[in-house]
Every structure is written in structure tokens, then in C-alpha cells.
Amino acid sequence: MVGTEKVQGKHVGMSSENKSGATTQTIAIIDFGSQYTMLIARRVRELNVYCEIFSPRVTREEFLRVNPQGIILSGGPSSVYDEGAPRLPKFILELDTPILGICYGMQILSYTLGGRVERAPHREFGPATVRVTNPVSLFTNLPLSQDVWMSHGDSVLALPPGFEKLAESDTCAFAAMANDARKIYALQFHPEVAHTPQGKNILRYFLYEICRCTGDWTPRAFIASSVEQIRERVGDARVLCALSGGVDSMVAATLIERAIGSQLTCVFIDHGLLRQDEAANVAALTEQIGIELVTVDARDYFLEKLRGVVDPEQKRKIIGAAFVAKFEETALSLFKLGKNSDETARNLGEHKFLAQGTLYPDVIESAAPLDAAQGRTHATAATIKTHHNVGGLPTTLPFQLLEPLRHLFKDEVRAVGEELGLPHNVVWRQPFPGPGLAVRVIGDITRERLEVLRAADAIVREEIERAAPDLDFRVWQYFAVLTPLQTVGVMGDERTYENVLAIRAVTSEDGMTADWARLPHALLARMSARIVNSVRGVNRVVYDITSKPPGTIEWE
């Protein structure tokens, strides 16, 4: 059994995959629209078991490609009696695979298998206490009274045939049920949230005792299988890797370099949307870890493409297309060939792959297919924002995408980076969006506005990094946002009418959810004073106290 890697006090895991791309052990999560679905995935992976999320519309063929060891049905906002409410795929109950239903997952199981679900006389939203009436299976060796988190309007009022009651609450007659013969289990409460202290133990029992998982999702196993898969897929071709200097692209590049060595060409596109001194920092980082880097100065090109564009989705798509155009141009220039040369086409074909540090949250927020080549699709999510490296890429892409981290969360990427031996300052570098400051300059992007934001952002980062020895580590991300708003101010006894600048700082584990950071008031005061006094064009500073959800980490 592969040992668990411990990162910052948390157990983080990865997986091994066979040559077909299917993991040796996968838990399939059917997403019925719950706000907690991604949290279920995080909890499963923290227990060293790989999982993927599927839509209720998934086909049997798509679903069985991952050969699931177990199935989890998420919660959701619907009633089973709503018109158009998501249904349980018919083939799920035909499989000899353990099932765990959570909230709506319990209700849809009951409804489908002949139980009775009705609008609950007492709706439950928030903390509750359940009493374990039958301490077996999921509740083995757990307390008979447990604090849990409820969030439901419907309840199961009669169990389906063959099921037994496991737990109840004052307002919920059936808080848990089981059919051991069919290996089907269900909970009305949410074991994935922190407000259910025994939730992780319940999930652990389902994964290890019922599904018989062995915990093969570890950084070392992921690296070994990824190296093998990259070698097999790339063959003798060459790979252009889009390197930004962030942990995602650095880990992706290091992983690919380990697989194919000199067949990798790393390219850093300086698009003019970088933080202060960013280009120099990227060059230093790549030199530190021994990756050869080609730098392309495309500042004028990108700014011209973005001239007058204010819509954030359009910005992302323009940046995605501009990146591809510059990579194609770079591939040609590396061979010093003309565009009409037959040899050009041949050599561009050799550079047939474009590698990126795309992560699972990028895919989910863009509502993109998880693996278009295999037909595996993400759940029925709406597009929150198009990530330039996912939905922002043009359909005429002249490269095949190589995205070795596409199935990983951010903390898993960091675990892989540490296993690869990357320096601490690389692995724990603050995230920076691919579109750069384009998503932090709200409205029109000009050189002047970018310079204002760079100067203010540098102050924010400098003050947080020196405020306390570990504050920059405890805060997931921190930056400045230049708004298009102008307000009246008084500076030097004169009236000013200048920009409002926002400071954003959040805490998070994986970027999927985040809370605004409770920075010390004295620190906020220092940042505000320095920005207003030294950055021309800003006369007011505000602090963003919005969590994710309902907001996103970036403003655009």
C-alpha cells in the first residue's frame, strides 16, 4: 500500500493510471447540482482515493470508461417531483457497484427504488444532531449522537423495500438508510462539510470498507503514471510548453521534461499584463530549477488586441487566441523557416503539442469537458468564467493540447511539485491568473492603467509579505484590482477626482471555495496610506470582504 504524503498538516493524494487512461481505482460522483459537489471530490481525494465528477446525463459507455470502484450521488437544489428534476441514470442500479447517496442523492434513490419522498413538515438548513439507531456499516465505531449539517426541504418518509434505518433526527425520521445486500447507502445530511465532524470517518468507511479502495492516489504514483503516459502519447514529437512561472505551469513543465527531456521547449510569453518585475522573476525561477526558457516579447501585440475591450469574457478569449498565435509564430521562428516552406509544415508538425498547466477547477469553472478525447464530461455546471487556457482557446488550434495536471486540484499540484523536488518558493508561489492583469484592470486596458495597478499591487504584496513571517503563506492569494470608478478626494488641500483601488486577499485550500482574509487593521491602513500617497491616479482604497461563493477570487 502506497504511503500517504503529508502536506501542511493535511493528507493529500494522487493516483496511478493504466495505459488506457483509466485510474486503477476511481470513485464516480454524480453531480445533481449541489454547491458541495466539489467538496465531496476534495474529501475523497484527501482520503487517497481518486474521483471524477459526472453529469446525470452521462452515458453508460462514458461512465464505465473509468471502471468505478464506487459511486457517490451528490445533493442538489431540486425536489424529486420538480418538472425537469435530474434523475438517476437507469444503468447505475444495474451495476454491482457500491452507492452512497447524499441529501438529494438519498431522495432520488428512495424515489427510484419505491420509497416515499415528500416536502418535509420541518425544513432543515444548518446544524442538527442525529441519533444513530443502528450503529452498523457507515456508523461502525462512531458516536451514537453526532452533530451534522443539514440542507434539505424534502425528506424520505418511507424507506424503499429492503432498506433499514440507520439514524434519525428530531425533524427527520430517516437521516440515514442502508441496504447491505445491494451495497446501497444514503445520508440525508452532508458528510463532506466541516460542520459534520464525523463526516470524513463516514466517507472513509464507505471508501475502504465498502468499496474496498486501497488508497493508490499518491503524488509518487501520479508522477510515475503521468511520465509513462506522456512518453507514450508524445512519442518522438516535440512539445511547446506555455510557461508563466506559476506553480501550475512549472510543475507541468518539470513533469513533461522528466518524461521526454530535450523534446520539450518552454516558452514564456511576456504579454505586458504581468506584475511588477514578473518577467525577471520567471527567468530566475526557471534558471533555479534548470529549465531552458525562450522568452517572447509580445507586449505591444497583446495590448493592441485588447484595445477598447471591456467585456471580461471577450478579454479572456482574445488572450487565449493571442497566446496560440504567438506560440505558432514561435514554433516557426525556432527553426528560422519561412511560412511557405514545406519544411516549415513538417517542423511545425514536430512541435505538435502545446502543454499547459490547466487544473480541474479551471475545467469546472469553464464548464468544459473533462476529457474530450475520452468523452468524459463534467457535471451540469454553468460557465462561471472562461479560463483563457480552457474555453478561451480557439477551435482552430494548430496543436494538440497536453495537460498533465488537468485532473488535479491546486493542493495536489503542490504535493506533486514537492515530490518532484521543486524548490519551496516555486511550489508555494502565490497563484497568478493566465490572463494576468487583464482581469484585474476592470474596463479598458491601457499602458497607463496597467502601470497604476502594478505599482499598487507591488505595495500590497510587499506589505503582506513583511507583515508577519508566515502571513503570505497563510493567505492563499492577495492582489490589487483597479476599478473604473472615480471618486472625489482631498490631497494637499486640493480636490482630486481619481480611481478607486480594491485590495483582495483570500484564504483557501484549493481555489474552488475561498473566504476573505481577516488581515490586521494596521496592515490594511499601511497599504492604503502607501498606495494613496505614492501611486498617482488613486485616491481611495477599499477592501473586498466577499467570499467564494458567491463571488469569485478574481473580479473578472
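Which residue just after α12 takes a positive phi? Gly421 does, with a phi of about 85°. The model is predicted, so local features need pLDDT of at least 70 and side-chain atom pairs count only at pLDDT 80 or more, while totals for chains, interfaces and linings use all residues. Residues are numbered from 1 along each chain as its sequence is written, and side-chain values use heavy atoms, with hydrogens and water left out.

Helix α12 spans residues 410–419; helices here are DSSP runs (H or I, at least four residues), numbered from the N terminus. Eight of the 10 residues in α12 are buried, where buried means under 20% relative accessible area with a 1.4 Å probe, protein chains only.

The largest nonpolar core has 52 residues. Such a core is a set of buried Ala, Val, Leu, Ile, Met, Phe, Trp, Tyr and Cys residues joined through side-chain atoms within 4.5 Å. Phe327, Leu501, Leu519 and Ile531 have the most contacts inside this core. Helix α14 (residues 447–467) supplies the largest share of the core, seven residues. Apart from this core lies another, of 42 residues, among them Val44, Ala178, Tyr208 and Cys213.

Leu519 touches Ile464, Leu471, Val475, Ala505, Leu524, Met527 and Tyr543, if residues up to four places away in sequence are not counted; contact means heavy atoms within 4.5 Å.

Ser249 sits in helix α6 (residues 247–260). Ser249 is buried, with a relative accessible area of 5%. Beyond its neighbours within four places in sequence, Ser249 is in contact with Ala242, Leu243, Ser244 and Gly357.

Key: Buried < 20%, exposed > 50% of the residue type's maximum accessible area, 1.4 Å probe, protein only. Helix = DSSP H or I, 4+ residues; strand = E, 2+ residues; numbered from the N terminus.
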